[in-house]
Amino acid sequence: MLSEILAGPILRRVTAQQFTLWWVSPFECQGTFSCYQDEQVIEEVKLTSDVLTTFRVGKYAVIHLLDVKLSLPQDTYLEYDLHLQCGSQVKSLAEIASHLVYAGKKRPSLMVQLEVDNLLHGSCRNPHHDSDDSLLAGDRLVGSVLDDNKQRPALLMMSGDQIYADHVAGPTLYAIHQVIALLGLHDETFIDANIGDSEELHQLAGQYYQRENILPQTSTQPTWYRAQQKQAIFTSTYAHNHLISFAETIAMYLLVWSPTLWQEITFEGVDITPEHQALWDEELVVIRAFVSGLDKVQRLLAHVPTYMIFDDHDVTDDWNLTAGWEQAAYNNPFAKRIIGNTLFGYWLCQGWGNDPARFKGDFWQIADQYQQHPNQHNQERFIDHLLQFSGWQYTVETQPKLVVLDSRTRRWRSETDINHPSGLMDWEAMCELQQELIGHDSIILVSPAPIFGVKVIETIQRMVTACGHPLAVDAENWMAHPGSASTMLNIFKHPRTPQHFIILSGDVHYSFVYDIELRFSDQSPKIWQITSSGIKNQFPQPLIGILDKLNRWLYGSLSPLNFFTKRRAMRVKGRNLANNNKVRLSEQSGLGYLELNSDGSPKLICDLHVNGGVSEFIEGNEELIH
């Protein structure tokens, strides 16, 4: 028998007036939500359609979003519970999944903190990467400070690549297909594809590690020296098991956020080709270790308000990187469907809970038509709406204000060459950002890709782009497009801009911190670029160490390149690791932890590691070039 909760509950948008909770059950839930203070019920809400919205994605899979207006006390230890009608019984969260509750407590807890004294942040959580799942370090921290309103993290910001739709382990894809059958997730038909429908796709166990034979291709333009050729639209090096169907995307989310369905998974009888058997065995060991920590991940997400934004791997590698990529992808019906399916999954499992009000009206009506009749016409219609939607960015009125950027769907396309990298945000999106910043003394700005990156790496990307291969080096940094780069710098220079900017980023699979000021300004804002990546991913060593040294040598204050390449309007200083003042780039998987002063400036910047270690970034004196 299936558990009453398959994934979640995940605390989402939580303010003094709003409480949002996400979870997945095999049925539409009935019962009550209760909030407790000192064992007394202070709020009780019946789970009716006024406050609870459901979205059925399969016969035994219903996504729930509880979004209710509540008046909750701030900076106070509170507990909450769901009492769900399960046949003739009513069960609490602890009765359904006892691991959701920390030792000595009866229920999951929360704390409404509008003044952000500290927070957790990170990106890039690849289940089968052979590194620790750093969310476990966040769980340990939260469990040690549950009652402390100054030490308990106010929020968890996940800044991209919460799943890897384009890089899936063979055992994970095998588990996904078992979940699809177990829950009866929706089928679909495909257009202009090598397969007719998802039922056929999910039976192709012999295609594990070989989905390049299924994924869409495009034809290159012939030249005088080269005939027309076929090339893959999806550019990931690891697309061997790329998610394709909507059902596969939903199953992936259920498996990366909860241990529940893994209890139903078996790895017996799978037909793996001999050439891939060693890789399967290697991945299976890592996946089993990943699953062993999911009870703690589920507990962490039930205790900390969690905000999310997509980056490329949530959909596919190099998503919208160039206008040429966009033309190839969106003019191919099968490629468009794959992108739409992963974006559909992002909305249901990530985007919806960030700011539920954004998805009402026409958005919900079109989505609900698919829910009522999950056929090809309604699926295509909703995907068209998703691809045209321009409201993925959002803000949270904390102090400092949290401003989360969509740097994927509103790109500033190159005006000179469709195969040059697009800017990460277009002019209209940048103007909207400017308006969000006015009137605030301090801001926490979330940009999935660092605004101020590592110069030597960006130089390599620029050189490869000049040779016509931007997709080969993932050339998606803010400085790759002159329009978006100069506009962002002008926003920082604006006389009404906030005085303190914390920029939280991920994407790059290493961590670093820059302290930035504008030259020639009496009222220069102070900017801190804080990059923490990845939660479960790492840039390969020794390469990252080599690049770190090159960056110091080639772009340090005494380098001759200083005269030719630095942006003279900015002063940039890189922070060193506290335990090694010769290292600025940390490749170790970790979860970012940030403590703030009352004025919004950072008090402590570090990464937390599963082994209990801490990588702290401390101020340095050497100026870099930027």
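Predicted model: local features only at pLDDT ≥ 70, side-chain atom pairs only at ≥ 80, totals over all residues.

Trainee: Why is S131 called buried?

Mentor: Buried means under 20% relative accessible area. S131 has 12% relative accessibility, so S131 counts as buried. Its place is in the loop between β10 (118-122) and α2 (135-144).

Trainee: What makes the approach of the side chain of S131 to the backbone nitrogen of N537 a polar contact?

Mentor: The backbone nitrogen of N537 lies 3.4 Å from a polar atom of the S131 side chain. A polar contact requires N or O atoms within 3.5 Å, one able to donate a hydrogen and the other to accept it, so the distance here meets the cut-off.

Trainee: Which residues does S131 touch, leaving aside those up to four places away in sequence?

Mentor: S131 touches K536, N537, Q538 and S589.

Trainee: How do you know that E79 and R107 form a salt bridge?

Mentor: A salt bridge needs a side-chain nitrogen of Lys or Arg within 4 Å of a carboxyl oxygen of Asp or Glu. The side chains of E79 and R107 meet at 2.7 Å, N to O, so the pair qualifies. This pair links distant parts of the chain, with E79 in strand β7 (residues 78-86) and R107 in the loop between α1 (93-96) and β9 (109-110), 28 residues apart.

Trainee: Are E79 and R107 buried or exposed?

Mentor: The limit for buried is under 20%. E79 has a relative accessible area of 7%, so E79 is buried. R107, with 11%, is buried as well.

Trainee: What makes R408 and D312 a salt bridge?

Mentor: The closest N and O atoms of R408 and D312 are 3.8 Å apart, and the cut-off is 4 Å, so the term applies. R408 lies in the loop between β16 (401-404) and α12 (427-437), and D312 in the loop between β14 (306-308) and α8 (323-330), so the pair ties together parts that are 96 residues apart in sequence. R408 is buried at a relative accessible area of 2%, and D312 counts as buried at 0%.

Trainee: How many salt bridges does a search of the whole structure find?

Mentor: The search finds 21 salt bridges.

Definitions and conventions
Residues numbered from 1 in each chain as written. Heavy atoms only, no water. Helix = DSSP H or I, 4+ residues; strand = E, 2+ residues; numbered from the N terminus. Buried < 20%, exposed > 50% of the residue type's maximum accessible area, 1.4 Å probe, protein only. Contact = heavy atoms within 4.5 Å.
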